[in-house]
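Hello,

Here is the structure I promised to pass on to you. My notes on the ligand site and the cavities follow below it.

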Amino acid sequence: MRGIAAAPRLLLRRLREVLAEPISAQERLDKIVDQIATNMVAEVCSAYVLRSDDTLELYATVGLNREAVHQTSLKVGEGLVGLIAAEARYLNLPNAQVHPAFAYKPETGEEMFNAFLGVPILRAGRTLGVLVVQNKAHRTYTEEEVEVLQTTAMIIAEMIAAGGLEPIGRTGTLDIKRPLRLEGLGFSEGVGLGHVVLHEPRVVVSNLIADDTNHEVGRLNDAIEKLRISVDDLLSRSDVAAPGEHREVLEAYRLYAYDRGWLRKMEEAVRNGLTAEASVEKVQSDMRARMLRQTDPYLRDRLHDFDALANRLLRELMGRPHGPAGGMLPKDAIVVARNMGAAELFDYDRDRLRALALEEGAPTSHVTIVARALGIPVVGQLSGVVSLVEPGDPIIVDGDSGQVHLRPAPDVESAYVEKVRFRARRQAQYRRLRSKPSVTKDGQDVRMQLNAGLLVDMPHLEESGASGIGLFRTELQFMVASSFPRLSEQERLYRSVLDAAGDKPVTFRSLDIGGDKVLPYVRQSEEEENPAMGWRAIRLGLDRPGLLRTQIRALLKASGGRDLRLMFPMVTDISEFERAKAMVEREKAFLKKHGYKLPDTIRLGVMIEVPSLLFQLDELFNLVQFASVGSNDLMQFMLASDRGSTRLSNRYDPMSKPVLRALKLIADKASEHHVPLTLCGELAGRPLEAMALLAIGYRSISMSAASIGPVKTMVLDLDVGRLRSRLLPRLEPGTPAADLRLFLKQYAAEQGITV
Ligand code: PEP
Ligand code: MG
């Protein structure tokens, strides 16, 4: 039983020869188990492959009865083999038969074997099967033997993933091709059918077996050294020197980059004959397997950090640049990511991007809003999705139900093709509503406007029948650009937007950058701990007047001879509005002096999205010519809940007394001061929420194009006076804090209103 430590490299060399032979996948697997048994001096070596019905089928063996191959199978969780698959952990037993999980399979003839070593066959953290060696003698396998078996299991995993090992004589497929249905939350409606593109592509290691182990040890050490230097460098850079989440992550990276256990495991794998990159992959795969089983969010995050670091190391070794998916996108790309910033979404060709599936994310985070504006379906909070997919897998993202179907069965796929057709028919119905005036049953006019941000959004104005652009997010132009848009470029865009809108009014919002809307070409001078409450929007605009002045000038020039409506985001104190207004006046005077044609009318307004404004409403409405409630930010600050937080996204309901009272107060004051008021946050685009907004006094709402149809359907069926009389008493002090959402749902059902 000696000589094991010297043998692994020899074994891997043999396996490489087997991999190169022009034989079928089944023959290859037969030869592999044979080589393992010989090399490890084991009397049995068997490979079980996981099928899509959660069954482990014996695919190859030496030592057990050959007739049992493709006949014997165990359920995941059944017997020792099933236990290894269920827990993705190896078992090393001197006497397997006394283990409580031992399941006797008479056809295999395994009763005479006592010692048992079984390891999961893992790929990117997924269990694809189980590899076992057995001996008659009672013995415990050494750590080195465990390592050798794990290493060979990795090679088998790549073989399974490469295809060719189809189930024999039974129906069903291998687990790696198994259709999966994942439950998440629908963030942006619509259905996308297509193929998986990983936002952060896994580095595919194709060269697994080393020619020269010493050389590989050297490569691994060099790469680790470079990794450490790059993490140290990042940490010493002034822009990440400040405390904050970003720095914490990097600190964790540094800790792990020096983690002895991690390095030891990788070195061991190299010494056993793997290439440096294959050893990183092997250790990473074990880590992912642990991550998938981990429920503690803190530990999961830490494992994710390790995973990210291992990816960096792989890229270092393989000379690949860091960063998002490059190269050609398939025609029907469904991008799968842990999470993503709004700006990164623009890296993808919109014509090819069908949908987004995120492991994290929140319904009012900016990436969601941008996706919604672009009409891209999004499902978020899909636990473990990144590990479960393979690039190129067929996938369906259903933003309406929050479901994702991975490798869908043909009947699921055809059901969805039908659903897409049905949606198209419904959209056609909505289009028929386009020219109908949006008036409630009791004769109240409701202005329905569109949220937009790019020129490509403009055709929606005509298609949806919206009465104008209620919010034009000017920062989107900056986010899609690779460098700062110049005055002339800004002017050109604004002019084209106004041209496209024709007679319909457009409300521009000045730049809302900062926070999580970072521009890739602007280096922030200071990392902020709470960027949403940091140096963003009008704060940045007033402190960097060059930026805001240029934008104002571009807007004034583009609106020459027409009407300009401009509002400022994140106003906290009304003096900020006054300063911004003074800037507009100065620019106006400048343009006039230089003979430019000025706008016929200029209306200036604010976004109400910081709670402090609620306590200055009289002063505010005396100053501004219009206002628009940014409920996304207003909610996050009122409820002290980060709008991008996955865990808080469902915690507080905006359809609650405090929120509705606050929104009603704004509507009441605006009407008292005769100031036109709109609400342009995501609340306006959801029929039930929009119904409540109408009841508390809103008559102008702005939303994404896809929401116009469903919200208008609700408006046409609503008697707003009746709902108001039922809802307002429920907001009074002394009334119990009843479930207002439930009340609204019941009301809608009672009145036959679709929400
Ligand atoms: C809001 O905060 O509600 C809003 C409309 O602005 P944004 O979502 O762009 O922050
Ligand atoms: Mg906002």
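Which of the 16 residues around ligand 1 come nearest? They are Arg-473, Arg-509, Gly-630, Asn-632 and Arg-643, where a residue counts as near if one of its heavy atoms lies within 4 Å of the molecule.

Before the rest, a word on conventions. This is a predicted model, in which local features need pLDDT of at least 70 and side-chain atom pairs count only at pLDDT 80 or more, while totals for chains, interfaces and linings use all residues. Residues are numbered from 1 along each chain as its sequence is written, chains are lettered from A and ligands numbered from 1 in the order in which they are written, and side-chain values use heavy atoms, with hydrogens and water left out.

**Ligand 1**

From Asn-632 it is a backbone N or O atom that lies 2.7 Å from a ligand oxygen. A polar contact here is a pair of N or O atoms within 3.5 Å. The protein covers 100% of the 290 Å² of accessible area that ligand 1 has on its own (Shrake-Rupley method, 1.4 Å probe).

By class, the shell around ligand 1 holds 4 nonpolar, 5 polar and 7 charged residues; Ala, Val, Leu, Ile, Met, Phe, Trp, Tyr, Cys and Pro count as nonpolar, Asp, Glu, Lys and Arg as charged, and the others, Gly among them, as polar.

**The cavity that holds it**

Ligand 1 sits in the second largest cavity, meaning that more than half of its atoms lie within 2 Å of the cavity's grid points. A cavity is a set of points on a 1 Å grid over the protein atoms alone where a 1.4 Å probe fits but cannot get out, and lining residues have an atom within 4 Å of a point.

Elements giving two or more residues to the ligand shell are α11 (366–373), β16 (469–473) and α21 (631–638); helices are DSSP runs of H or I with at least four residues, strands runs of E with at least two. α21 gives the most to that shell, 3 residues.

The volume of this second largest cavity is about 90 Å³, taken as the space filled by probe spheres set on the points. Its lining has 15 residues, with Arg-473, Arg-509, Met-607, Glu-609 and Asn-632 closest to the centre. Here too α21 gives the most, with 3 residues.

**Elsewhere**

The whole structure has 8 cavities of 30 Å³ or more. The largest has a volume of about 110 Å³ and is lined by 14 residues, with Tyr-48, Leu-74, Val-81, Ala-103 and Glu-110 nearest its centre. Helix α3 supplies the largest share of that lining, 3 residues. The lining divides into 8 nonpolar, 4 polar and 2 charged residues.

Best wishes

Notes. A polar contact is a pair of N or O atoms within 3.5 Å; within protein, one must be able to donate a hydrogen and the other to accept it, and residues adjacent in sequence count only if both atoms are side-chain atoms. On a 1 Å grid over the protein atoms alone, a cavity is a set of points where a 1.4 Å probe fits but cannot get out, and a pocket is an open set with protein on both sides within 12 Å along at least five of seven lines; lining residues have an atom within 4 Å of a point.
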